[in-house]
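Here is a short report on the aromatic rings of one protein model. Look at the sequence and the structure first.

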Amino acid sequence: MAIRFDGRVAIVTGAGNGLGRAHALGLAARGAKVVVNDFGGARDGTGGSMTAAETVVEEIRKAGGTAMADGADVSNYEQVKAMVAKATKEWGSVDLMVANAGILRDKSFGKMELSDFQKVIDVHLAGTFYCCKAVWDGMKERNYGRIVLTTSSSGMFGNFGQANYGAAKAGIVGLMNVLAQEGRKTDIRVNTVSPTAATRMTEELLPPQALQLMKPEAITPAVLFLLSDNAPTRTTLGAGAGSFAQIKIIETEGI
Ligand code: ADP
């Protein structure tokens, strides 16, 4: 049976490009009202405009879905709170949170500046914490919530040049472990997805032949499963190239 999200309100951060865009489109196509968040900045986390988010909202509306754009910088808690308040005012609640926004500042450890560490921690780890914090009380009150955080194999095994990113991504798993336990009493389920997909982030790192096999859309079924009523909790789901077996399992479950 196909998963539907009719009546649910979702926020997807970093949804102007890549994975977040694919998740936002997938949610909207299955009936969710979607806040398409993206601060639209450069890859290193500087600058910003809402154009990318607005373009995705247009795509969703053209396909008959419901969406609004939001330009909050996830590393700014006031802006994250304002985004959640806007969605709640417009649509009544936030039921589903996909914390996906991210940047890279790869450098070998010897060359990594403290600011390269701080910026990546601010966006990935603090930003993810803020997104969870801003929706938590509402989810507890309504006794329902699904939260999907984005981790990476870099957090488990490490990639060269990613001391900052790997530390943040490992921290996100730590955050999930606690929130999943604290959410249990109130049907809040918290999981992480560990994607391998062709996005602006990976295209710098991998050869073109590998990227052809790694469309962001291949990750979305895993995320939709983790957002569904039947989601597990406290799980890290590897998805994408290298994790075809898990995607296959999800596909045969009928998602
Ligand atoms: P991936 O799809 O692999 O996560 P992308 O670079 O394609 O990588 O997408 C990440 C998205 O996250 C970008 O669209 C970027 O603008 C967005 N983003 C980065 N930092 C922030 C931030 N602080 N707040 C909101 N969105 C952000």
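Tyr77, Phe129 and Tyr130 make up one aromatic cluster. The model is predicted: local features need pLDDT of at least 70, side-chain atom pairs count only at pLDDT 80 or more, and totals for chains, interfaces and linings use all residues. Residues are numbered from 1 along each chain as its sequence is written, and side-chain values use heavy atoms, with hydrogens and water left out.

Searching the whole structure gives two aromatic pairs. Rings of Phe, Tyr and Trp (its six-membered ring) pair if their centres lie within 6.5 Å; planes under 30 degrees apart count as stacked, over 60 as edge-to-face and the rest as tilted.

| Pair | Centre to centre | Angle of planes | Type |
|---|---|---|---|
| Tyr77 and Tyr130 | 5.3 Å | 40° | tilted |
| Phe129 and Tyr130 | 6.3 Å | 80° | edge-to-face |

The pair of Tyr77 and Tyr130 links distant parts of the chain. Tyr77 lies in helix α3 (residues 77-91) and Tyr130 in helix α4 (residues 114-142), 53 residues apart. Helices here are DSSP runs (H or I, at least four residues), numbered from the N terminus.

How accessible is Tyr77? Its relative accessibility is 24%, so Tyr77 counts as partly exposed. That term covers the range between buried (under 20% relative accessible area) and exposed (over 50%), with a 1.4 Å probe and protein chains only. Tyr130 is partly exposed at 23%. Phe129 is partly exposed at 41%.

Notes. Helices (H or I, at least four residues) and strands (E, at least two) are DSSP runs, numbered from the N terminus.
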